[in-house]
Amino acid sequence: MKKILLSFFLLSIFALNCAYAQSRKITGKVLGADDGQPLPGVSVSIKGTTRGVITDSQGDFVLTGSSGEVLQFTFIGYAPYSIPIGSASNYQVKLLSDNKLLNEVVIKDAYGTQTKKAYTGSASVVNGSVNENKPFSSPLQALQGEVSGLNVSSFSGQPGANVQVRLRGTGSIALDANPLYVVDGMFINTGINAGNNGSLSRLSTTNSNSVLSSINDDDIESITVLKDAAATAIYGSRGANGVVVITTKKGKAGKTMVRADGEIGITNNLPLPGAGVPLTGPQYGMLFQEGLTNAGLPAATIQNSYLTPYGIGGPSNNWYGLVTRRGKQQQYNVSVSGGDDKTKLFSSLGYFDQQATTVASSLRRFTGTLNVDHNISKRFSISTNINVSNVNEYAPSNGGAFANPVLASYFLRPFQLAYTPTGALNSSRVGNTNFPDLYNPLYIAANDKHYLSETRILGGTQLNWNIWDELRFTSFASIDYNVLEENTYRNPIMGDGRPVGNGYDDYTRYFNYLYRNQLSYHYNIKAVKDFYVEASVGYEAQRKEQYLINAQSNGFPAGQPTLTASINASTPVVGNASFANISYNSLYSLGTINYQNRYIVTGSFRREGSSAFGANNRFGNFYSVGGTWNVDEESFFKAQNIFTTFKLRSSIGTTGNSTGLTAYQAQPTAAYGLNYNNTNGQNFNVIGNPDLTWESSQKFDIGVDIGFFKNRLAVAIDYYNTTINRLIQNAPVSFVTGFSTITENIGSMRNRGEEISIKGVPIQLKDFTWTTNFNIAFNKNTVIKLLNDAPFSNPGSQWYVQEGRDFQTYYARTYAGVDPSNGIALCYTDATKTATTSIYSSAARVSQYQADPKYFGGFNNTFNYKGIILTAEFYYNFGNMIQDTWAAYLQDGNNFTFNKYAYELNRWTTPGQKTDVPKYVAGGIAGNASTSFSSRFLYYGDYIRLRNLTVGYDFKNINYLKSLGVNRLYLYGRGTNLWTKTYDKRLPFDPEVGTNGTSNLEVPQVRTFTVGLNIGI
């Protein structure tokens, strides 16, 4: 019996040892099959047991398992996957996307990757494939209407022109209010000069090129827009206005894929609103004579002194038709992607060429991208990305300049002739049928030169070291190197260069480099299932260097249009060079506590210093705390059938803004070059302020994400409240100092609003799918505090900055229409609108209306039937007023020698007539000042626009093509800006005019028609 018991005991020990030997540590990594990128937050478990973990931020997992057991992988947005455990101890798993699910699965920023489910912040992700091959010169243009709360305004149709972007309202009064742009982890250049506002150019032309015009849309994998404190506080002094994170494409393991894209087409100006069409020759001639008659001039004087000398009734031009044209559009891209589990590569070449619809306006861009990811060993990996581009732009003078062809086409009389009788361009300045004051824009276009060439190298390298399974070190270094060569030449015959000709050469070099070292730790709390803590600490340093050379020369040879280099000029005028540097140093930390993907708490802290601020306040602290409750993970949630997913989230924190402050604005500086007693003199030119510091934004956000019908319908709702304190502005200072103002931190304002985003797949059948996306954002801006609580309006400004009102509130006399008895313009005497006056100076200016839209958004639909794909994208904007800067010249008879809008034909002519256009009197009516700024020249900026309509066919199911190795063949036709609905019959121009609500007669918006072909092998 003892022998039997001993044998049984030994057998039991042996069995336990065998079982223990079979149970071992299983490690692995989970990737997305579509892009090969790590998937954090994937639930990994042993089938039939309670053992399980969640993958970390790099998609890695560690758990205990035995041979024969089955690993299960589940993740929202991806199909479930199972794999039996064999003899191996390490597994790499690729999950396939489940197209039925709409959740944007992964949020990527410069500091890590998180799942949407575990993310506590407010962020929107736009897949790069949505905007591939769109005929826009900047990725920002394609974002219009795609992200709730993101207001994108293309105020100029000039290819490559700067794009104004506001996220959740205007975040600053004096500094740059654009978001921070991050490309592959790098904070890209926005210039150091004040007023750059997203442009690197220094010339006064309509190019003012966008900082992202050198990025090819086809190279973008995704764009993530970070909105609240939990998402942006980690960016410290540059996160106050939101962050736009662009991630370029990377190689995917597997078969090498080659893709080629080509698109060609034409561009046309958007049709002018009927009210804003310039008058024809006969129309202008009739109005011209009527205005002189109404002014009391005798018929003989009118004929001899005006009609005959001005050529009224003779040959005439359509100036708008002469300075505009049908443009051309083409782009071509080729890319190669592939690799294996060890090395992955993506490379591309791109060419983009757009001839604008305005003379002397075009853009040509070359881009090249190379991204390499390499696993050196189990513990080490390295990734490198580099983007090289060259952008060449030709652009006319700034909107608002007489040399600008668009402004000239409105101002010039139809009877000023573009060509001589022999067909040559007219350059005569003698006689009123020629150009004694204004310029012939065709001559300017042919003989002046406004040229920009930008070469950019944007690249970075990241080294990842998995010190052990839970501890990871990342080192990142990146540069953004820009060289801009800008040249302006003004001919000596006609225009701003007359009579000697002048030239300006500007050389600009920006060198921006950034280092980031980060240590991240992931710890699974052993006693509790799916409970982990992650913490990261890091150091980041950035330096922005700027070097400028300016040269000006006069005295160019007349009649030599090719001799535009300054070496051909006789008189050097200016030659100087300058530099500026700004440095940032930061320590930061991030933390996450995640309990079963049910309760998540995150936090971040950053302490950052900048050389741009005063010696007493160079460092600032920025923090955030965010929390998420995934209600759908609760057991009681399973008892209902209404919701598929339900997530509550909220965050609070502070961010800062320093962008737009010059490098030495806070420092007292001196300048040389002022002569004193025939010697080189010195004077103080900046008073400085040692106490100047960051603008600080306190952000609060609360939101809910809800999914219905197995997430075929997803709704996200956000409420936010952002208070911006310590606004940087100029304050009066005693003249005893030698200065009139000093830059200080003064006052505060608030942006408060709501955002709603709805995504859905209303129909999903075997052969037909309909997907839709709708978003809307409401924002209210309010000035809270000003210096001494005193409102102010700068001389000549249309704004009145006042506590309790929108920052961009118009300050204008209120137009009351026309007196029906005599046709004289009337204004209300005050805000009560109880009395009117015909004397302009007797009417009080009133704070009324605003330039900020009250709500805006997008509505997009895609229909797919057996490979036939139709996409329609709409954008809408409501609740703002926009101003006509040049109304004083283009309406009424005050400036009767300039052409007028067609709306002027509605002028008063007969007693008792009801109209809002005054009597047309050459030279105007004394004291009436009908063309002075009033609410008459404010228009409703409401509009709805069909931004993009695409029809294409996907040939993917044709077996013959597959036999040839073609895995993608997509043919499409596209139209942009096809239709616009406006709501003000008086509106004389396109309502998309930029964030300040002002029309400046820029290069107009365009409509494009293109056809394209995508081929993949």
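Analyst: One cut-off to start with: a residue counts as buried when its relative accessible area is under 20%, as exposed when over 50%, and as partly exposed in between. Keep in mind that this is a predicted model. With that, take strand E8, residues 106-109: Val106 and Lys108 point one way, Ile107 and Asp109 the other, and all are buried.

User: What makes E8 and E9 a pair?

Analyst: Two strands need at least two bridges between them to pair. E8 and E9 (residues 112-115) have 4, in the antiparallel sense, so they pair. Val106, for one, has Thr115 as its bridge partner in E9, and a hairpin of 2 residues joins E8 to E9.

User: Why is Ser381 called buried?

Analyst: Its relative accessible area is 16%, and the cut-off is under 20%, so Ser381 is buried. Ser381 sits in strand E21 (residues 380-394). Beyond its neighbours within four places in sequence, Ser381 is in contact with His374, Asn375, Ile376, Gln462, Leu463 and Asn464.

User: What makes up the nonpolar patch with Phe700 in it?

Analyst: Ile593, Val601, Phe605, Tyr623, Val625, Ile652, Phe700 and Ile702 make it, about 660 Å² of surface. Strands E27 (599-610), E28 (619-630) and E32 (695-708) each supply at least two of the patch residues.

Definitions and conventions. Residues numbered from 1 in each chain as written. Predicted model: local features only at pLDDT ≥ 70, side-chain atom pairs only at ≥ 80, totals over all residues. Heavy atoms only, no water. Patch = residues over 30% accessible without salt bridge, like charges linked within 9 Å, V, L, I, M, F, W, Y side chains within 5 Å. Areas by Shrake-Rupley, 256 points an atom, 1.4 Å probe, with all protein chains shown as cover. Salt bridge = Lys/Arg side-chain N within 4 Å of Asp/Glu carboxyl O. Buried < 20%, exposed > 50% of the residue type's maximum accessible area, 1.4 Å probe, protein only. Contact = heavy atoms within 4.5 Å.
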